Every structure is written in C-alpha cells, then in structure tokens.
Amino acid sequence: MKLKYLRNGQTLALDAGTCVGCGACVDVCPHAVFEVDGGKARIVGRDYCMECGACARNCPVGALSVKVGVGCAAAIIIGKLRGTAPTCGEGGCCGESERSSCC
Amino acid sequence: MSALLSRKPDPALTRQAGFLMLDELKKPWVEKFMVFKGRTIPVVAARLSSADRRGSLKARWGWGRMRYAVLPGLYALGAPGEASPVFVSANYKMSFDALRSSLVGIDAWILVLDTKGINVWCAAGKGTFGTKELLGRVASTKLAAVVGHRTLILPQLGAPGVSAPEIARLSGFRVEWGPVRAADIKAWLAAGRRKDEPTRSVTFGLRDRMAVAPVEIVHSWPILPAALALAALYGLPAGGAWLARSLPAAILLLGIVPAGTILFPALLPWLPSRAFVVKGALLGGLWAFACGAVFKMPALETLAGFFLAAPAAGFLAMNFTGASTYTCQPGALLEVERSFWPMIASLAAGLALAIGARAFGI
Ligand code: SF4
Ligand code: SF4
C-alpha cells in the first residue's frame, strides 16, 4: 500500500529545459516520483515525495531542486526547544532499522 | 596497511602481526585474513552467527545501539579478486550484516564507511554516508590498486548523501545504485543489475512498521511512572476502595503505551487522517472509552480518561514520523505546530475532570 503524508513534495522542482533525460532521478528516488518520457524527466508522483534530496544530489546537470529535511516530529520538537533547526537527538530514532528514514 | 584502518596506524606493528593486533578486528564476524597484492585484508563471514542475531535483537530494543559499529575499511567476502564487485556499506552492524548475509556464495569486496554506527538511510540524510566520506575511504584504502574495475555498488538509500556525478569526477569510480533492500541484491545481479519499481521503492509494510515499534516502546517509558502516580493519587483517600478506584485508572493510563506504540503502527494505513497525531489520538480516545465501558466508570471519569489518553497516544504516534519511510519535514512541522496547544489543553482538561470527579465524589 502506498501511503501519503501531509504537504508532500511541495518544494520539489524540475527544470525540464535543463534535463537531459539520463534517468538518474528515477534510479535513486525511493517513491517512484519520476518517469523519463521522450528524453525528459517528468514528476508523476509528487504526493509521495518525502524531500529526501536523493534526486537533486544525483542529477548530473542540476535540473532538480528540493528543500531537504527530515520528516521527524521529534527532531522538530528538539529543534524548537533548543531554538535550532530540526535536530536528531542522540539515542533517538536513528539506527534502529535499515528501513527508517529518520534523521 | 595502516591506510586500511582509521585507528592505531602503527605500520610496524600491524605489518608484523596483521590486524590481529587490533581489538576492533577481533570480532566473531572476521573469519580470517587474506593477503592480496601484499596487503592483509580481513575476510568476513557471509553467514550470520547466533551472536550476530542476538546483537541485532538487542539493538532493536535500543540496547547498546550506539556502540554497535563495525571498524570502517575494506573487507573481503569469500575469495575476491581484481574483478570482483565492490559493495559499499555503513558501519552500523545491522547494515553490514544485512549486506554480507545477502551475498552468501558471492566473492566480493565490502567497503565500510564511517557513518558513526548509523544505518545507511539515516546516515545519508545526515551526510555521514556521504560524498566526502566515500572519496576519503576510497583513497585511504587505496581501492584503485586493489580492483581493476572502476565501479562501486552503493545501496540506493545512500543517494541522499552521495552524489554519483561528483564521485565519478573526483575519484574516477562510477557509482551504481543497487536495490533498496540488501535482500534483493542477488536477484538484481541476476537481472543484469536492472531494477524494477518494487526494487527501487521503500515500503512501510506491517513488518517494517513493527520492526521500529520496540524502540518507541522503550522511549515511552516516562509515561509509566506518570500513569502509576496519577492512578494512585486518583484512588485517594487510602482505604478499602482505593484499589477499586486506582486499578481501572491505572489500566486505562498504562494502556496508552501499547495503543500508541503497538496498535498504532499495526493499524497505521487504515486509521483515518494522514496526520500521525490524529491517528494516535483516535486510538487513545477509543481505548479510554473501551476502559470506561468495561470497568463501568462514571461518565465524568471516562471523559477524564479520554482527554488524557487521546493526546498522550497521539504524541506517541507522532514520534513514529521519524521512523516512518514516507514523511516529509513540512508535514511533520504542520503536525507539531497544529497539535501542540490542543494536546496541552486536552491534558489540562483531563486532569481538571479527574480532580472534579473525585472532589464531587462521582
Ligand atoms: S537526473 Fe536530472 S537530467 Fe537526469 S533525467 Fe532526472 S532531471 Fe533529467
Ligand atoms: S526528494 Fe527524494 S522522494 Fe522526493 S523526488 Fe527526490 S528522490 Fe524522490
């Protein structure tokens, strides 16, 4: 089952003019947000984008941008308490599972 | 040789005694050492031992997790040679275990990055499983002199931290993104290193959700003393009826923990609302009403339980955002900001109602 969260993918932007259709974004995105069609990438699943930044970091021509952040309430709360950006706590969620996205 | 290791770089010592001088390599998973092109390289076992499995279980419960690390560097699996593939891993023991146990029967090199004992995806988000660390580790292990080819196989979930174009430009190694799950590696190799959508996608199935539950249970411990203290106070004055009043209250309040950490992840896809806090609050609230019905609590008491259990379970559920695989930051921020005052207000109302229920002897 594909799950949707709140405000997914709002900061993800693709500059189709720059895109060379290499497919790297398709290869690294864990939520199948992209498709390459006719030599250009297309956003087909914005609602599933968790803003992890994998695609933007691996686009060879810089056609993608996204504001990266952890979708972790605990990190946001710690950040608010300390007056900093969202921060993962030591001994927090990190590490418990290969599958966890946190931190 | 010292370049293989990040610590104790005494060349004379290590040359004489191999890695056996290094306590970090006196590990059950290091089977032996092989000499390759004049270098001594630790060979790891592909099959997990019972000690490995015990360690994973402990780590799941958050026990000694931070010390659960593998020494970064280059390892051999089976009997690799110049042309053998290089798999890159994090130095979190469970990541390393998942990789090597998926490679049974394959001769390969494993390059372990220093991710401070944190799993691949988390470390990639933090940047420790990152471009700089990979470049440094390729250089310090002199990997280019070990293998003849120029391909590194990385777990796909390392991509938020590693830029393949930069690795190619700065080291000459081409990054190939393997499957999300180590368990899919053999099928991926057999399929000519091509991934279909399921192999590329993270899921959050029942198994994945329950795997993160233990740590959330451990983290919810502060609720236990608070719940017991509240229930004990609620039963006052001491006397014959104390237990009859305190026990149902204690069960209601303690039940918040399994509601928010076990029921919630189990039922997550079917609970209404996309906000974790709402899903959790719903479970907490239902639990309070269930207790009210079973213990035939007066209405005021049930309502007090509802106003306490709903925000508490909602809060526990909200903490699952960090362990989930599909939440983004703007959404989590929305949850935190929108739910903070309602949660405080609800707790205050719950306490007031509980005091009222006792004061007026209902
Ligand atoms: S990685 Fe960049 S260039 Fe390649 S297909 Fe995606 S957007 Fe286009
Ligand atoms: S930020 Fe992550 S989830 Fe979103 S499109 Fe890029 S790779 Fe996919």
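Student: What should I know before reading any value?

Tutor: This is a predicted model, in which local features need pLDDT of at least 70 and side-chain atom pairs count only at pLDDT 80 or more, while totals for chains, interfaces and linings use all residues. Residues are numbered from 1 along each chain as its sequence is written, chains are lettered from A and ligands numbered from 1 in the order in which they are written, and side-chain values use heavy atoms, with hydrogens and water left out.

Student: What is the mean pLDDT of chain B?

Tutor: pLDDT is the predictor's confidence in each residue, from 0 to 100. For chain B the mean is 89, and 89% of its residues reach 70 or more. Over residues 1-21 of chain B, however, the pLDDT is below 50; beyond near neighbours in sequence, this stretch has 38 contacts (heavy atoms within 4.5 Å) in the model. For the complex, the predictor gives an ipTM of 0.89 and a pTM of 0.87.

Student: How many helices and strands are there in chain A?

Tutor: Helices (H or I, at least four residues) and strands (E, at least two) are DSSP runs, numbered from the N terminus. Chain A has three helices and four strands, in the order β-α-β-β-α-β-α along the sequence. Of its 103 residues, 50% are buried, where buried means under 20% relative accessible area (1.4 Å probe, protein chains only).

Student: Which residues are closest to ligand 1?

Tutor: A residue is near a molecule if one of its heavy atoms lies within 4 Å of it. Ligand 1 is surrounded by 13 residues, and the closest are A:Cys19, A:Cys22, A:Gly23, A:Cys25 and A:Cys59. The residues around ligand 2 include A:Cys29, A:Cys49, A:Cys52 and A:Cys55, together with A:Glu51.

Student: How are these shells described by class?

Tutor: Ala, Val, Leu, Ile, Met, Phe, Trp, Tyr, Cys and Pro count as nonpolar, Asp, Glu, Lys and Arg as charged, and the others, Gly among them, as polar. The shell around ligand 1 has eleven nonpolar, two polar and no charged residues; that around ligand 2 has ten nonpolar, one polar and one charged.

Student: What covers the buried residues of α15(B)?

Tutor: Helix α15 of chain B spans residues 276-294. Its buried residues include B:Phe276, B:Leu283 and B:Cys291, and their cover includes α13, α14, α16 and α17 of chain B. After α15(B) comes B:Lys296, with a positive phi near 50°.

Conventions. Expected span 1.5 Å × (residues − 1).
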